[in-house]
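Visitor: I'd like a guided reading of this structure, one feature at a time. Could you give me the general idea first and then the case at hand?

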Amino acid sequence: MVSFFYYLDEPVTVTGGLQEDKEMSIFTGAAVAIATPFNNDGSVNYEKLDNLIEFQIKNNTDAIVICGTTGEASTLSHEEHIDVIKRCVQTVNKRVPVIAGTGSNSTETAVYLSQEAEKAGADAVLLVTPYYNKATQGGLYEHFKDTADAIKIPCILYNVPSRTGCNIIPETAVKLAKDVDNIVAIKEASGNISQIAKLAQLADGCIDIYSGNDDQIVPIMSLGGLGVISVLSNVAPQQTHDICQACLDGDFKKAAAMQLKALPLIDALFSEVNPIPVKKALNIMGFEVGPLRKPLTEMEEAHAIVLEREMKEYGIH
């Protein structure tokens, strides 16, 4: 299989086939995009973060993504960002992989945070597309390549156009995976199943694909995806793991039934912008993760009532 596309105004050939020198997958199954707890004064509550991590590991989460969107990384100072990664690595203590969100709309900042995450002992980094800048595909290539080249640990690209205004097209993701040894995976949260199918077809195994949407775990894994980086896992780690495991076992009928059962709760968890609902859910569960940092505000009462109802329906109290 050979596909042609244009990149930096020059024709580029992408050939199928496995990337022989890629490392093993960072994880398979469900990784939690973990929330960052705050004290009432807005400071990071490290004790509660420890509690969340222990809850996740006890309930069979397959990896922990720290300082992602759900972790309110965009409102953390660089010092806080690095300290939260260090604390997570220390608390996890090699029991599951730790993936540090280190993306930025500044390449220089992404490089700095990624290097600090590597020093802290993170197993991999998650690199979101530069937000607001709306880089070209050529700009995305240079940004991700420069960041990955600055470190030795694996990199997961993060495609979430609804939040960043920028889309990694399949051809760009495949070129990065083939050109850069430590770009090994992509979190696909475009919501565009057709695009993800094209990515899987073009990649032919050269890049691991993870769902970035909890309501698309089964569809994406049916296309060869290895799991999900999940918001749902914050409140239902065992159930999210089980959905993925059923897919990995080839039992897509069982996985689909579990996926559909979770949909009302997933909808409630995204009734307002993430992580507003999931932090409310964690507080309902008694984890005391505290407030959000502005400009995020507390969940509207009508949505909170629905969220609590769906949590109970799903068996979460």
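Guide: Ile 229 is buried, with a relative accessible area of 2%; buried means under 20% relative accessible area, exposed over 50%, and partly exposed in between (1.4 Å probe, protein chains only). This is a predicted model, in which local features need pLDDT of at least 70 and side-chain atom pairs count only at pLDDT 80 or more, while totals for chains, interfaces and linings use all residues. Residues are numbered from 1 along each chain as its sequence is written, and side-chain values use heavy atoms, with hydrogens and water left out.

Visitor: What average pLDDT does the protein have?

Guide: As a general idea, pLDDT is the predictor's confidence in each residue, from 0 to 100. Here the protein averages 93, and 93% of the residues score at least 70. Over residues 1-21, though, pLDDT stays under 50.

Visitor: Back to Ile 229: which strand is it in, and which residues is it in contact with?

Guide: Helices (H or I, at least four residues) and strands (E, at least two) are DSSP runs, numbered from the N terminus. Ile 229 sits in strand β10, residues 227-230. Contact means heavy atoms within 4.5 Å. Setting aside neighbours within four places in sequence, Ile 229 is in contact with residues including Phe 27, Val 65, Lys 187 and Tyr 210.

Visitor: Which residues does UniProt list for "binding site"?

Guide: A word on such records: UniProt positions are given in the numbering used here, feature names are shortened, and annotations may be inferred rather than shown by experiment. The UniProt entry, an unreviewed one, lists Thr 70 and Ile 229 under "binding site". They span 160 residues in sequence, yet no two of their C-alpha atoms are more than 10.6 Å apart, so they gather at one spot. Thr 70 and Ile 229 are both in the lining of the second largest pocket. On a 1 Å grid over the protein atoms alone, a pocket is an open set of points where a 1.4 Å probe fits, with protein on both sides within 12 Å along at least five of seven lines; lining residues have an atom within 4 Å of a point.

Visitor: Is Thr 70 buried or exposed, and where is its place?

Guide: Thr 70 is buried, with a relative accessible area of 2%. Its place is in the loop between β4 (63-66) and α2 (78-92). Beyond four places in sequence, Thr 70 is in contact with Ala 33, Asn 234 and Val 278, among others.

Visitor: Which residues does the "active site" annotation cover?

Guide: In the unreviewed UniProt entry, that annotation covers Tyr 158 and Lys 187. They span 30 residues in sequence, yet no two of their C-alpha atoms are more than 4.7 Å apart, so they gather at one spot. Of these residues, Tyr 158 is included in the lining of the largest pocket. Tyr 158 is in strand β7 (residues 155-159), and Lys 187 is in strand β8 (residues 183-188). Tyr 158 is buried at 8% relative accessible area, and Lys 187 counts as buried at 6%.

Visitor: What kind of contact does the side chain of Lys 187 make with the side chain of Tyr 158?

Guide: A polar contact, at 3.4 Å. The term means a pair of N or O atoms within 3.5 Å; within protein, one must be able to donate a hydrogen and the other to accept it, and residues adjacent in sequence count only if both atoms are side-chain atoms. Another case is Asp 208, in strand β9 (residues 208-211): a polar contact of 2.8 Å joins its side chain to that of Ser 25. Asp 208 is buried too, with a relative accessible area of 16%.

Visitor: How many residues does the largest nonpolar core have?

Guide: In soluble globular proteins, nonpolar side chains tend to be buried together. A nonpolar core is a set of buried Ala, Val, Leu, Ile, Met, Phe, Trp, Tyr and Cys residues joined through side-chain atoms within 4.5 Å. The largest one here has 78 residues, and those with the most contacts inside it are Ile 64, Ile 66, Val 235 and Leu 265. A second, separate core of 19 residues includes Val 65, Val 160, Ala 185 and Ile 229.

Visitor: Which helix does Lys 253 lie in, and is Lys 253 buried or exposed?

Guide: Lys 253 lies in helix α10 (residues 252-269) and counts as exposed at 75% relative accessibility.
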